[in-house]
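This briefing sets out selected structural features of one protein chain.

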Amino acid sequence: MRRSLNIRYVVGTDTYDGTIRITYSDPKDVLSPRTASGDLYLQPKAGFQLPSLNDIWTLFAGKKPEKPTSTNVIPVLPLAQYRSYLRVTGLTTGTMAAALGPGKAPVTNNPILLSFERWNYTHPTKKGEEGNWNKEKLDLTASLSKKSASQDSDILSGPVKDTAGAGAGEIQLFWVADFYRSINVDIWEQQGENMIVDEDNPVEDVPTTKLPGTNTTLVSVFQKAGIEVKLLPFKREHSFDMPSESWSVTHLNSLMAKRRSDLKPNTEDRFSVFVVENWEGTPPGGMFDFGDNDVNKTPREGSVVETDWKVPNKNWGTAVVGKKWRDLRGAVFWTVMHVLGHQMNLPHNSNTSSIMARSELIASSKSADKFPANIGYEFAADDVQRLRHWPDIYIRPGGYPFAGDGKSC
Ligand SMILES: [Zn+2]
């Protein structure tokens with residue numbers, strides 16, 4: 001089922017591209033209550049020619065697919081061009097799902113009305129600081145129709161008006177993907193750890209991110225939240241000068257810079273996770289790439305997981321006191337997903353069966369299972385909603401600074 005649409009919004013001489021995300025409260029019923037949001041990025045003007053609709057695919061996906069709807073690729077646009085968050089307030093008369101797709105009937109006589117608030121964002125003057133949301137929102141409504149039922153026509157388009165009925169541009173929409181967001185994840189593990197990367201695995205270039213004894217993987221956990229995770233192939237850093245005992249933020253930052261030297265920041269969202277024995281911050285890991293420790297002023301690119309930490313006291317349960325984190329089933333796996341949630345700006349969650357709960361809170365919860373058997377490997381419903389509908393600028397690495405508590409995980 002499609003969940004993301006590309007939006008092209010042309011108003012005056014400005015052209016914006018971006019994504020609209022739609023959640024159905026009943027995924028089987030396209031008429032059930034919906035939550036929808038979107039983001040707009042201003043296309044550069046210098047020498048910019050408005051491409052034809054078919055060329056949009058080339059622009060977004062890097063190649064023109066045989067069938068437009070088969071790509072399942074969400075375009076990643078440069079964060080510096082981020083301009084607006086769209087909060088959809090109404091989606092009336094028919095549905096996107098019913099109206100879109102090759103061969104579906106046109107809706108010219110009964111257009112879809114898409115009402116939304118447009119919140120404009122002003123970037124900070126200094127990299128890495130908070131930008132500002134303009135206090136004034138624009139209330140807009142687009143009247144969208146499909147021009148024909150032909151195989152090529154997978155596009156809804158129509159005029160946009162403000163509350164006074166004045167023209168406010170033109171919108172085009174078409175489905176692109178089954179998920180809401182797509183991220184690349186690079187997991188690096190200190191040599192000899194074998195917690196996440198199994199060196200004996202014949203497929204040695206793929207990180208092993210499975211909860212032992214289950215089919216639960218990092219990819220499947222994020223997929224449930226509607227986020228596509230692409231794990232980057234594993235590569236060792238033989239030449240990196242590793243610290244003898246504890247990893248410092250300085251060491252982590254220099255390793256991260258090395259591993260991200262091939263990053264294409266304007267077309268790739270990549271989160272780096274470093275699994276180490278010990279680090280200088282609080283166990284069992286957390287955020288290090290924010291505030292004063294964010295040396296390139298590009299927040300939330302990296303996080304760290306500590307495996308050698310020993311459970312300190314009986315608050316965690318007498319059976320696990322003194323045990324190493326790496327020896328508790330699922331604990332390292334859970335921590336990787338937890339810190340990735342922080343990297344996407346999620347704060348801690350008081351729901352003790354959710355990924356973003358603090359580990360000590362999970363351990364002390366009054367559940368039938370004892371820690372670590374009571375760890376939940378799902379994001380809580382409110383966090384799922386955040387991951388899907390928060391503005392891109394909050395979620396994407398290098399966007400809004402980290403706002404949560406990334407210590408004491
Ligand atoms: Zn945490």
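In helix 4 (residues 249-259), the buried residues are Leu-252, Leu-255 and Met-256. These residues span an arc of only 100° around the axis, which places them on the same side of helix 4. The model is predicted: local features require pLDDT of at least 70, side-chain atom pairs count only at pLDDT 80 or more, and totals for chains, interfaces and linings use all residues. Residue numbers start from 1 along each chain as its sequence is written.

**Helix burial**
- A residue is termed buried if 20 or more other C-beta atoms lie within 10 Å of its own, exposed if 12 or fewer, and partly exposed in between, with C-beta atoms placed from the backbone.
- Helices (H or I, at least four residues) and strands (E, at least two) are DSSP runs, numbered from the N terminus.
- An α-helix has 3.6 residues a turn, so residues three or four places apart point the same way.
- The cover over the buried residues of helix 4 includes strand 11 (270-276) and strand 13 (302-306); contact requires C-beta atoms, placed from the backbone, within 7 Å.
- In helix 7 (residues 381-389), Asp-383, Arg-386, Leu-387 and Arg-388 are buried.
- Strand 2 (14-24), strand 10 (227-231) and helix 5 (331-343) are among the elements covering the buried residues of helix 7.

**Barrel and strand pairing**
- A barrel is closed by eight strands in the order 1-2-3-4-5-6-7-8, with antiparallel pairing; two strands pair if DSSP finds at least two bridges between them.
- On average, neighbouring strands of this sheet are turned by 30° against each other, direction ignored.
- Strand 2 and strand 3 (residues 34-42) run antiparallel and are joined by nine bridges.
- Ile-20 has Gly-38 of strand 3 as its bridge partner, and Thr-23 lies opposite Thr-35 in strand 3.
- Five bridges link strand 3 to strand 4 (residues 82-92) in the antiparallel sense, and Ser-37 has Arg-87 of strand 4 as its bridge partner.

**Nonpolar core**
- The largest nonpolar core has 93 residues, of which Leu-173, Val-273, Val-275 and Val-336 touch the most other members.
- Helix 5 supplies the largest share of this core, eight residues.
- Domain 1 (4-177) and domain 2 (182-395) both contribute residues, so the core lies between them.
- Such a core is a set of buried Ala, Val, Leu, Ile, Met, Phe, Trp, Tyr and Cys residues joined through C-beta atoms within 7 Å, and the domain bounds come from an automatic or database domain assignment.

Definitions and conventions: Arc of directions from axis to C-beta. Contact = placed C-beta atoms within 7 Å. Axes fitted to C-alpha atoms, helices over the stretch in contact; angles between N-to-C directions.
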